[in-house]
Amino acid sequence: MKKHVLGLLLTAPWLANAQTTTPFTIKGTLGKLDAPAKVYLVRRGAVADSATLKNGVFELKGTTEVPTTADLIFRRNGRLGSLFGPMGDRTRVFLEPGTVLITSPDSLAHATIKGGPAMNDYLRLDKAMKPTIASMHALGAEVQKATEQQRQDPAFEERIKSRYEAFTKELVNINYAFIKANPSSWASLDALLGLQMMDLPQYATVAPLYEAFSPALKNSPQGRQYGEMVRGLKVVAIGATAPDFTQQTPDGKTVSLRDYRGKYVLVDFWASWCGPCRQENPTVAKAYSEYKGRNFEVLGVSLDNEKQRDKWVQAIQDDKLTWTQVSDLRGWENAAARSYQVRGIPQNYLIDPTGKIVAANLKGADLKATLAKYIK
């Protein structure tokens with residue numbers, strides 16, 4: 001959740017040449033610790049540098065083409081282990097020209113961090129999110145303390161889910177507000193990229209934010225990539241004609257989206273291996289049961305692959321999904337998912353009888369309310 005980056009002003013010298021690399025330095029003091037205690041700098045999933053502590057002091061150096069974030073990982077025994085294991089003692093820093101200073105009596109978790117404009121922006125956004133993140137942690141502790149009987153209670157589960165979704169929405173709103181207020185900040189670009197994990201991007205929401213970005217942000221590698229995604233999202237924006245696709249059911253029947261013209265249809269992207277999808281399936285099933293005789297259908301599109309075919313079929317049976325299911329069994333390369341810019345599941349699009357997209361990313365109460373709005 002704390003993957004949010006902060007920005008550098010357009011006057012930064014390297015922005016005139018995107019290929020120019022500039023040096024950065026990270027200096028830190030963690031109490032009076034000595035070897036084997038060690039700090040690792042991890043960039044893009046790989047160790048870029050490391051330093052053994054001497055009387056608590058360490059220093060890391062490198063270069064970067066554009067301001068970007070990296071992780072610092074501290075190990076008292078000096079052994080890093082897996083980069084993808086438990087979070088452990090780590091913090092995130094912003095790599096930019098100049099020096100980042102880190103001071104702590106004992107660990108990165110308790111460190112005070114000072115740096116340049118990008119680092120300061122990053123810390124400002126992080127501070128704004130902390131109260132909500134603390135509330136989420138408290139909610140997690142509440143679940144941990146609950147008895148097994150409480151956890152199995154549908155009312156308890158629904159209450160926890162509702163509160164978690166509310167906290168997630170708070171974080172999303174904090175990030176969007178920051179992005180809107182700081183269109184020249186590298187933190188805004190990083191935050192927008194990170195939001196894809198919390199809030200599936202919709203054209204009407206992200207396009208204005210991206211278009212307001214400074215040229216430096218747009219012309220960075222990540223900025224250009226995000227711009228391509230925004231252009232793709234325009235094809236499936238609210239009001240656009242839904243892209244047609246044709247795939248097969250588990251028994252080999254060919255089905256096209258155009259077969260549903262004249263009805264409201266919810267195109268529902270999911271997969272047997274997707275936990276959140278399986279949790280959302282009962283909500284979709286309830287909506288289908290209520291509206292299926294009222295000019296409404298659901299068309300499920302699975303992102304399972306060929307090796308997962310049996311699990312896909314079993315999940316349809318286990319979750320009692322009685323509407324039509326199709327897939328090309330190509331996983332994330334599913335042709336329909338790619339044309340609809342699906343980057344996370346569950347994801348869905350509500351299409352009206354004329355073939356226009358009228359809503360997207362409907363879950364829980366939002367699905368019920370939207371169907372009630374359109375289907376009388």
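What percentage of contacts in the chain between residues at least 6 apart in sequence join residues at least 24 apart? The share is 68%, where contact means heavy atoms within 4.5 Å.

## Basis of the model

This is a predicted model, in which local features need pLDDT of at least 70 and side-chain atom pairs count only at pLDDT 80 or more, while totals for chains, interfaces and linings use all residues. Residues are numbered from 1 along each chain as its sequence is written, and side-chain values use heavy atoms, with hydrogens and water left out.

## The chain as a whole

The chain contains eleven helices and 15 strands. Helices (H or I, at least four residues) and strands (E, at least two) are DSSP runs, numbered from the N terminus. The C-alpha trace spans about 70 × 55 × 35 Å along its principal axes.

Of the 376 residues in the chain, 49% are buried. Buried means under 20% relative accessible area, against over 50% for exposed and values in between for partly exposed, with a 1.4 Å probe and protein chains only.

## A four-stranded sheet

An open sheet is formed by four strands in the order β4-β1-β7-β8, with mixed pairing. Its edge strands, β4 (57-64) and β8 (112-114), each pair on one side only. Neighbouring strands of this sheet are turned by 15 degrees against each other on average, direction ignored. Two strands count as paired if DSSP finds at least two bridges between them.

Strand β1 (residues 22-30) runs antiparallel to β4 and is joined to it by eight bridges. Within this pairing, Gly28 stands opposite Phe58 in β4.

## Two helices in contact

Helix α3 (residues 154-181) and helix α5 (residues 203-211) have axes that come within 9 Å and cross at roughly 30 degrees. Axes are lines fitted to C-alpha atoms, for helices over the stretch in contact, and angles run from 0 to 180 degrees between N-to-C directions.

On the α3 side, Tyr176, Ile179 and Lys180 meet Thr205, Val206 and Leu209 of α5. The residues of this contact divide into four nonpolar, one polar and one charged. Here Ala, Val, Leu, Ile, Met, Phe, Trp, Tyr, Cys and Pro count as nonpolar, Asp, Glu, Lys and Arg as charged, and the others, Gly among them, as polar.

## The disulfide

A search of the whole structure finds one disulfide, defined as a pair of cysteine sulfur atoms within 2.5 Å. This disulfide joins Cys274 to Cys277, with an S to S distance of 2.3 Å. The torsion about the S-S bond of Cys274 and Cys277 is about 75 degrees, so the disulfide is right-handed. Both Cys274 and Cys277 are buried.
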